Amino acid sequence: MTTANRSTDLSPPGGQPPRWRVLSWQVAGLLVILGLWWLVTDVLRVYPPYVFPGPQAVWTEVSYGLWGTGPQDGKLLAAIGGSLRRVLSGYLLAVLLGGVVGLLMGAWLPLRATLGAYLTGIQSVPSIAFVPFAILFFGLNERAVLFVVILEGFIPVALAVSGALLNVPPALRVAGRTLGTRGLGLTLRVLLPASLPNVLTGLRTAWSFAWRALVGGELLIAGAASLGEQLEVGRNTANVALVLATIIIIGVIGGLFDTLLRSAEARVRRDYGLEVPA
């Protein structure tokens with residue numbers, strides 16, 4: 001590469017583009033999607049509005065649902081609050097339970113060989129398949145939703161913690177034992193801190209599983225205000241704009257939390273020297 005080329009190359013070492021460039025690509029992509037959506041619905045009118053509404057109709061549902069002042073307005077905002085309360089409660093419990101079980105599996109081979117294999121098999125079952133069991137066991141209430149959320153979040157955390165502990169370089173284990181650390185102390189003081197980057201990856205995966213499980217459970221379980229309920233209301237009233245507005249909100253919330261967890265993961269990876277700062 002010549003000197004001139006080096007001076008114009010704004011990518012940091014490691015081939016990663018700067019953040020402003022990635023953000024500009026994402027904004028441009030969003031504008032393209034909105035433009036195509038507007039072209040298909042409002043200009044070409046490929047589908048009638050009651051089948052595939054345009055961006056303006058969906059935005060109207062979002063604005064009414066979030067900050068409208070009428071008797072039927074503001075329901076999307078209440079639904080977001082209810083869903084966030086449920087998913088955060090279930091996710092935190094799943095992280096706590098999965099962390100403990102993952103530590104035990106990482107430290108004890110018989111448990112890892114049995115429970116670990118079972119959890120891997122259960123993880124392949126779609127979360128929606130557990131909803132009928134949750135309804136029959138807990139009834140049509142929030143406990144059934146929380147059960148599905150905790151189950152779907154617990155398994156990725158447990159497997160991630162167990163796998164991360166096993167992938168710690170043997171030299172760190174030897175160093176810890178040389179310094180007199182054994183048993184649980186070795187796991188908590190040496191192995192767990194060393195495996196933190198991989199554990200954070202598991203936490204991010206658990207969030208996506210828990211969020212999807214929550215919406216699926218709310219969709220089938222009638223109850224308090226929730227995003228799943230808004231999807232069902234839109235279906236029952238043939239309000240496709242409300243359905244699309246709710247789907248967009250679900251995607252935005254899920255993406256925001258994933259971005260926060262991804263930022264924490266990247267920060268830890270940089271601190272551990274596993275990633276070059278952008």
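Colleague: Asp271 first: buried or exposed?
Modeller: Exposed, with a relative accessibility of 55%. This is a predicted model, so that value is computed from predicted coordinates.
Colleague: Which residue does Asp271 form a salt bridge with?
Modeller: Arg267, with the closest N and O atoms 3.6 Å apart. That is within the 4 Å cut-off, so the pair counts.
Colleague: What about Asp258 and Arg262, how are they placed?
Modeller: They also lie in helix H12, which covers residues 240-271, and they are four residues apart, about one turn.
Colleague: Asp258, buried or exposed?
Modeller: Buried, because its relative accessibility of 18% is under the 20% limit. Arg262 is partly exposed at 43%.
Colleague: Switching to helix H11. What do Glu232 and Arg235 do?
Modeller: Their side chains meet in a salt bridge at 2.6 Å, N to O. Helix H11 spans residues 227-236, and the two are three residues apart in it, so about one helical turn separates them.
Colleague: And how exposed is each of those, in relative area?
Modeller: Glu232 is partly exposed at 23%, while Arg235 is exposed at 56%.
Colleague: How many salt bridges does the structure hold?
Modeller: Eight.
Colleague: Which residues are linked in a network?
Modeller: Arg85, Arg86, Glu142 and Glu218 are linked by salt bridges in a network.

Terms used. Residues numbered from 1 in each chain as written. Predicted model: local features only at pLDDT ≥ 70, side-chain atom pairs only at ≥ 80, totals over all residues. Heavy atoms only, no water. Buried < 20%, exposed > 50% of the residue type's maximum accessible area, 1.4 Å probe, protein only.
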